[in-house]
Amino acid sequence: MNQHASDVHGLAAPYALDALDPAERAQYAAHLAACEACRQDVADFRATAARLAASVAQAAPELMKERTLAAVDHVRQLPPRVHAAAPVPLRGVLRRKALPMALAASLAAAASFAGLAAWQHQEKQQLEQRARQSEQRLDAVSGVLAAPDARTVHGRAGNGALTSVVASDLRNRAVFTATGLPAPPAGRTYQLWLDHDGTMRPAGFIRQDGTVLLDGDAAGAAAVGLTLEPAGGSPQPTTAPLLLMALPA
Amino acid sequence: MDTPPPGGRPRPPLHPAAAAGARPVNQPHPMNQPHPTGSSGHTRPADLAALMQQVERGDKQAFSALYDALAPMVFGIVVKVVRDRAQSEEVAQEVMIDLWRQAARYRPEAGSVTTWASTIAHRRAVDRVRSAQAAADREQAQAAREHHTAFDEVSEEVETRLASEQVRRCLRGLTELQRQAVTLAYYGGLTYREVAQTLRTPLPTIKTRMRDGLIRLRDCMGVTT
């Protein structure tokens with residue numbers, strides 16, 4: 001456990017130097033969202049690396065400027081990121097507590113993934129598509145959080161994970177977030193469910209701590225459930241739910 | 001072995017609690033100049049931040065000024081990592097276009113414009129060499145031997161061609177292993193696992209040296225964020 005934690009902490013330097021493998025990089029980016037000290041380390045190290053970059057500056061090829069300026073005429077600028085922490089009119093629990101920390105952290109992680117994907121060069125189109133999906137997903141999540149009728153429930157799963165659901169009938173979507181979710185046993189996966197009149201309908205998967213937008217209609221759902229299913233998921237729950245959170249009407 | 005760098009300040013802990021506000025602001029930010037280009041080639045951080053706000057709104061004249069301020073650094077670091085000039089130009093141009101595209105995503109609280117641009121540039125450069133390397137690896141299993149040539153060249157060039165006297169001096173203040181760990185990763189575009197392999201040094205040692213090396217460089221160069 002401690003070994004693992006210190007392992008992760010020790011990655012600020014290689015992260016800032018782009019010296020991590022893609023999987024480690026993604027893992028560390030997720031870790032960053034929840035580690036203020038690590039973010040400061042990364043900011044320091046990146047600023048230091050920027051000096052290394054500046055020290056090898058050299059005149060760029062002459063025609064490059066002309067080409068760049070011509071090219072940007074045809075490049076749409078991305079809109080500013082909508083900040084999750086911005087004051088949004090939420091009702092109920094959220095009004096007093098602002099956004100639940102875990103939710104805000106996973107949003108930050110998702111946002112950094114979107115930016116990350118946008119920077120990749122290889123498999124450009126695929127990555128750009130992924131970035132777009134990431135952004136759309138973020139927009140959808142933000143939409144639920146900012147919905148005037150957003151309501152939040154908190155719960156604790158049978159395996160100890162802390163969970164929250166934010167649902168909006170107006171948006172017909174619900175967002176599920178978990179922290180402290182243990183890795184599923186080999187060959188198993190966490191599957192989410194929406195309870196409609198006693199029928200559990202598949203609502204997607206969650207692989208690790210984080211935030212997911214549930215599939216399916218959230219409006220009118222009575223509860224959100226979480227089960228362990230064989231990898232690939234099931235059409236209906238095959239195990240006792242680890243969690244069943246009733247959504248207030 | 002871990003003597004402080006010559007002329008370096010004593011090494012403070014990594015998170016100086018109140019030091020963040022101590023950034024020197026000796027020149028006021030020129031609010032009424034729409035495009036502070038700084039024809040000398042040295043654009044101050046505050047000017048770059050102001051330019052970014054204009055670029056974010058689609059101001060091409062401001063982007064042209066931003067280009068002048070950042071292109072040499074962007075091209076420089078891309079060439080350093082990618083080596084091939086034709087490819088480097090391609091990558092650097094993509095980076096500059098990306099700065100335009102992502103202007104609204106720049107967050108001043110996460111670092112300076114220069115840091116933001118160098119982060120994007122380095123990332124792209126590294127992506128280019130790694131994808132090229134992956135392709136090469138598929139074709140021939142000799143990649144490892146080629147790596148060695150590349151590493152040697154990198155180190156040599158780092159020694160001889162670093163433009164900035166300060167950076168050179170600060171790099172000299174590192175232990176050999178710290179310096180290698182930082183430069184092979186940053187200028188050589190290697191992952192820290194590859195660095196460990198190249199230097200035949202255990203992974204945890206490389207991680208520590210990389211971190212210590214960066215902390216020492218940061219302090220030696222007086223980097224504040």
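These notebook entries record what I looked up in a predicted model.

**Conventions.** I number residues from 1 along each chain as its sequence is written, with chains lettered from A and ligands numbered from 1 in the order in which they are written. Local features need pLDDT of at least 70 and side-chain atom pairs count only at pLDDT 80 or more, while totals for chains, interfaces and linings use all residues.

**Entry 1, the interface.** I found 50 residues of chain A in contact with 62 residues of chain B (C-beta atoms, placed from the backbone, within 7 Å). On the side of chain A that touches chain B, α4(A) gives the largest share, 15 residues. I list the residues of that side as 30 nonpolar, 11 polar and 9 charged (Ala, Val, Leu, Ile, Met, Phe, Trp, Tyr, Cys and Pro are nonpolar, Asp, Glu, Lys and Arg charged, the others, Gly among them, polar).

I looked up α5(A) and α3(B), residues 85-101 of chain B, whose axes come within 10 Å and cross at roughly 40° (axes are lines fitted to C-alpha atoms over the stretch in contact, with angles from 0 to 180 degrees between N-to-C directions).

The C-alpha atoms of B:Cys170 and B:Cys220 are separated by 5.8 Å, at 50 residues apart along the chain.

Methods. Two residues are in contact if their C-beta atoms, placed from the backbone, lie within 7 Å. Helices (H or I, at least four residues) and strands (E, at least two) are DSSP runs, numbered from the N terminus.
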